[in-house]
Number of protein chains: 2
Amino acid sequence: MNENPMFSPVRVGRAGEDVALQIEAAIMDGRVKPGERLPSERDLHVQFGASRGVVREALRALKQKGLIEIKKGAKGGAFIKEAELHNASESLGLFLKLQRISAQSLIEFRESMDRTITTLAITRAEAAEKQELLEGAIQLGNLLNKDDPDMDAVHELDRRLNIRLARMTKNPVFEWIMRAVQLGLSSHDAVLYEDDEYRSRTAGNWRETAQAIADNEPLKALSYIGYHYVMLQKCLEDREVQEDNQRAEGQDADFWASTPDIPGP
Amino acid sequence: MNENPMFSPVRVGRAGEDVALQIEAAIMDGRVKPGERLPSERDLHVQFGASRGVVREALRALKQKGLIEIKKGAKGGAFIKEAELHNASESLGLFLKLQRISAQSLIEFRESMDRTITTLAITRAEAAEKQELLEGAIQLGNLLNKDDPDMDAVHELDRRLNIRLARMTKNPVFEWIMRAVQLGLSSHDAVLYEDDEYRSRTAGNWRETAQAIADNEPLKALSYIGYHYVMLQKCLEDREVQEDNQRAEGQDADFWASTPDIPGP
DNA sequence: AGTGTTGAATGGCAGGACCATTCAGGAGGA
DNA sequence: TCCTCCTGAATGGTCCTGCCATTCAACACT
């Protein structure tokens, strides 16, 4: 490393970008491979002939891009990561969020995706994968049947089931889009599991869908998916009605204030 | 701003991320709007109670995410950017390269998108929009029939036609996803218009598809789309065969070198 | 009125210092 | 011999201070 430095000094004016580009290039050509460790910040700042702050900025940028992972302590440093979908999805999800896209549009898109994904998954996934999906769906039902369901866990499991299904298409593009849409939808999404009736039905529906997939019954599966989204639409409409009512309440708050429903001890 | 600081001091240990998250949150809920300017680094490092270096790292991370743009000099600073797809597409392209995602996967995804989009566009678009699409497809054919077709223009028009079609669904998600995939794929994509036979057929096929959409004939349109992607597959396979041959040439270069097919002047 | 100059604001960079975390290896005891 | 605890070195995280380059607006000068 010292006899044949991997990196060269940088131009002024945009030293940070230059450093980041050089390291990124090294990763791209495979001069450094996943799992390997880059030199320490203190070594790099010598090799590049730039200040440590500049090197740090570059490393943070690469970390943000998902190319490296940074560990503290002795034997720490910047390690090249395996390519991950997460960051690509995050960028797209960020964008979708910023576009303030209506829940309707996202849901419509998700339904069309789900239909394609399900069809592909049935034809391509191994039986074992289908079985795992079914077990996950059953587990989701169990979580929701508890007295005090942990909604975070439910939400997370639902997310994982969708990604697992997408992965069963054997086409990573579907997984990328699914993750991005989930991130972009996250704000609306939490809402949908709040409704008691909807969430119990939706868990059952997940189970039926997974069962149909495991049984290689594409039409049945698509039918359950259709039902799922009909429920979702209805749930959304109900919520809008509720919100309208709440706005009306806000204008006439005294009425409710005079009828406390939680008596003191 | 001074009486009611927008940001709060940060915890130690991950100050940089904390700063970035707070600013990102401020952008997300619209507390700062696109085009507006954030306080200067020197102001922020006071508001956050962190060092200027930390603030700088946070700003660079946000810049990398595509959320802000940084200008030097007086009246410079960090400006909130309009949401842009560019970064999402770049991340996708990065991932595709690192993972060596096959063109097959992308094409499969595009075909499924196209089918959904076409169906929706037929039911939702105005007659005028369908007519414009048809005219664009005809124009594409004219471009390709010239003696020396401008391939950049052809490519660009093809891109625009796809986006126009996506917009006809009246669902912005389809348009954004289409744009993201197009940008992320630009590297693979250019290849496909190089083949003479493929590109003349594909232009004709675009015209037929647009005509079917204008005529409200969804099945016909889907059928043409299917044909389009069959051609694409075939074109790709041909190219792979060609590349294999070229590799074979490399291994046995003497044979071909001894049979020059371009005689000298 | 036009033009050149200057100064302030701002981001970019350098270098040094110290802290917190992590891990390997050694010291000491069971 | 083996286990536990401690210590020190390596490393990233943070802070500070200073200076430079760029940009723009206000001002002075012609």
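The exercises below work through a predicted two-chain model, from the fold of chain A to its contact with chain B.

Residues are numbered from 1 along each chain as its sequence is written, and chains are lettered from A in the order in which they are written. Local features need pLDDT of at least 70, side-chain atom pairs count only at pLDDT 80 or more, and totals for chains, interfaces and linings use all residues, while side-chain values use heavy atoms, with hydrogens and water left out.

**Exercise 1. Describe the secondary structure and burial of chain A.**

Step 1. Taking helices as DSSP runs of H or I with at least four residues, and strands as runs of E with at least two, chain A comes to 11 helices and 2 strands.

Step 2. Read from the N terminus, the order of these elements is α-α-α-β-β-α-α-α-α-α-α-α-α.

Step 3. Of the 265 residues in chain A, 45% are buried, where buried means under 20% relative accessible area with a 1.4 Å probe, calculated on protein chains only.

**Exercise 2. Work out how much of each chain takes part in the contact, and how much area is buried.**

Step 1. With contact set at heavy atoms within 4.5 Å, chain A contributes 41 residues and chain B contributes 45 residues.

Step 2. The two chains bury about 3,900 Å² between them, of which 67% lies on carbon and sulfur atoms; this buried area is the accessible area (1.4 Å probe) lost on putting the two parts together, summed over both.

Step 3. On the side of chain A, the residues that lose the most area to chain B are A:Glu57, A:Phe95 and A:Glu108, together 15% of what that side buries.

**Exercise 3. State how many disulfides the structure holds.**

Step 1. Counting pairs of cysteine sulfur atoms within 2.5 Å, the structure holds 0 disulfides over all chains.

Definitions and conventions. Buried means under 20% relative accessible area, exposed over 50%, partly exposed in between (1.4 Å probe, protein chains only).
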